[in-house]
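This report describes one protein chain for a reader who is new to structural analysis. Please keep the sequence and the structure in view while reading.

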Amino acid sequence: MESFDFTPSSDYLYTAHDGEHRSYGGEMTGGRDSLSDLRERIDDIDTALHDLLMQRSALVEEIADVKREEGVVMRPGREAMVIRRLLARHDGRIPIGVLVRIWREIISACTALQEDLAVAIYEDEQISSFERLARAHFGSMTALTRFSSVSGVMHAITEKRATVGLLPLGTSTPDSPWWLYLARRAEDTPRVIARLPFVLLPDRSRDDPEALVLGLVPPEASGDDHSLLIVETRGELSRAALAAALGKVGLQRSDRGIWEDTPDSRRHLVEVDGFIEDDDPRLSDLTPRDGEVIEHVSVAGAFAIPVGDGAMADASG
């Protein structure tokens with residue numbers, strides 16, 4: 001990529017879609033530009049943005065060939081890193097929410113260039129806002145399919161009629177607790193790969209919906225992640241005792257993170273710090289030995305910690 005010079009006294013240099021080196025801008029003068037001059041400069045910027053978008057899409061097509069060889073197109077961890085980097089450097093009067101929405105549209109459009117992108121969402125009388133979450137994250141043009149049951153979303157993913165699916169935090173569904181499906185030991189078992197919304201804006205209400213994104217795409221580390229574990233026990237085990245057992249092997253429960261139990265208190269969904277993979281040795285340390293109550297631990301997935309994590313609703317159940 002060409003280097004950009006953003007100093008006010010020089011033109012902004014970029015490589016146009018046709019390969020020519022072009023510039024827009026001009027030296028700042030002491031006088032005020034005419035309205036027509038300002039509009040011409042905006043037209044130049046629009047042209048530059050368009051050229052760069054086309055240049056980006058061309059690079060995506062090259063990357064797609066490599067991704068197809070690897071068998072993975074969607075990269076949730078990489079996407080989170082892109083958004084974090086942009087937020088860290090952002091300055092100016094464009095609201096953060098607008099910036100994120102623009103880049104989510106770009107990311108989703110580029111993903112769709114590599115494979116068909118379709119999203120399954122769960123909706124019932126209590127949950128009717130997942131479409132807005134899905135549109136904000138996966139783009140306004142992405143195909144959405146609504147399901148009135150968790151099993152419908154799961155089947156859409158496993159049968160590859162949907163790339164990903166959105167399911168609610170909490171167990172307020174007729175299929176409760178739906179996350180037990182993630183404990184299946186099969187290749188076609190979906191994993192949690194993201195948590196939405198990824199960017200929590202200051203004006204967000206605690207009543208706004210949150211969702212987990214599931215897919216057959218492997219979870220991917222972003223550098224700042226949490227993981228979800230399903231812990232099965234031989235008998236009833238208190239949260240305090242389970243948290244202590246996890247802590248002994250170096251698995252720290254996330255503050256204000258997800259913690260849900262089945263009615264018999266024998267199976268628990270626990271959010272822990274860090275990116276945990278199936279072969280993590282700490283999981284082996286929790287497997288049953290004589291006298292131990294923990295029977296099995298499985299990784300339900302992982303997700304990049306949303307920006308503004310402190311504002312997340314407490315999902316500890």
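Asp 33 is partly exposed, with a relative accessible area of 28%. Here, buried means under 20% relative accessible area, exposed means over 50%, and partly exposed lies in between (1.4 Å probe, protein chains only). Arg 41 also counts as partly exposed, at 29% relative accessibility. The side chains of these two residues, Asp 33 and Arg 41, form a salt bridge with an N to O distance of 2.9 Å. A salt bridge is defined as a side-chain nitrogen of Lys or Arg within 4 Å of a carboxyl oxygen of Asp or Glu.

## Basis of the model

This is a predicted model, in which local features need pLDDT of at least 70 and side-chain atom pairs count only at pLDDT 80 or more, while totals for chains, interfaces and linings use all residues. Residues are numbered from 1 along each chain as its sequence is written, and side-chain values use heavy atoms, with hydrogens and water left out.

## The chain as a whole

The protein chain contains 7 helices and 11 strands. Helices (H or I, at least four residues) and strands (E, at least two) are DSSP runs, numbered from the N terminus. Of the 317 residues in the chain, 44% count as buried. The accessible surface comes to about 17,100 Å², and carbon and sulfur atoms contribute 50% of it; such areas come from the Shrake-Rupley method with a 1.4 Å probe, and for residues only the protein chains shown count as cover.

Contact means heavy atoms within 4.5 Å. Among contacts in the protein chain with a separation of 6 or more, 71% are between residues 24 or more positions apart.

Two strands pair if DSSP finds at least two bridges between them. β3 pairs in the parallel sense with strand β4 (residues 143–147) over 5 bridges, and Ala 118 stands opposite Ala 143 in β4. β3 also pairs in the parallel sense with strand β5 (residues 164–168), over 3 bridges. In this second pairing, Val 119 stands opposite Val 164 in β5.

## Helix α5

Helix α5 (residues 150–158) is mostly covered, with 7 of its 9 residues buried. The buried residues include Val 150, Val 153, Met 154 and Ile 157. An α-helix has 3.6 residues a turn, so residues three or four places apart point the same way. The buried residues of α5 pack against β3, β4, β5 and β7 (211–215). After α5 comes Lys 160, whose phi is positive, near 60°.

## Further salt bridges

The whole structure holds 12 salt bridges. In one of them, Glu 123 meets Arg 146, the closest N and O atoms being 3.8 Å apart. The pair links distant parts of the chain, since Glu 123 is in the loop between β3 and α4 (130–138) and Arg 146 is in strand β4, 23 residues apart. Glu 123 is buried, at 17% relative accessible area, whereas Arg 146 is partly exposed at 46%. Glu 123, Glu 131 and Arg 146 are linked in a network of salt bridges.

Another salt bridge joins the side chains of Arg 191 and Asp 278 (2.7 Å, N to O). Arg 191 lies in strand β6 (residues 191–196) and Asp 278 in the loop between β10 (267–273) and α7 (281–285), so the pair ties together parts that are 87 residues apart in sequence.
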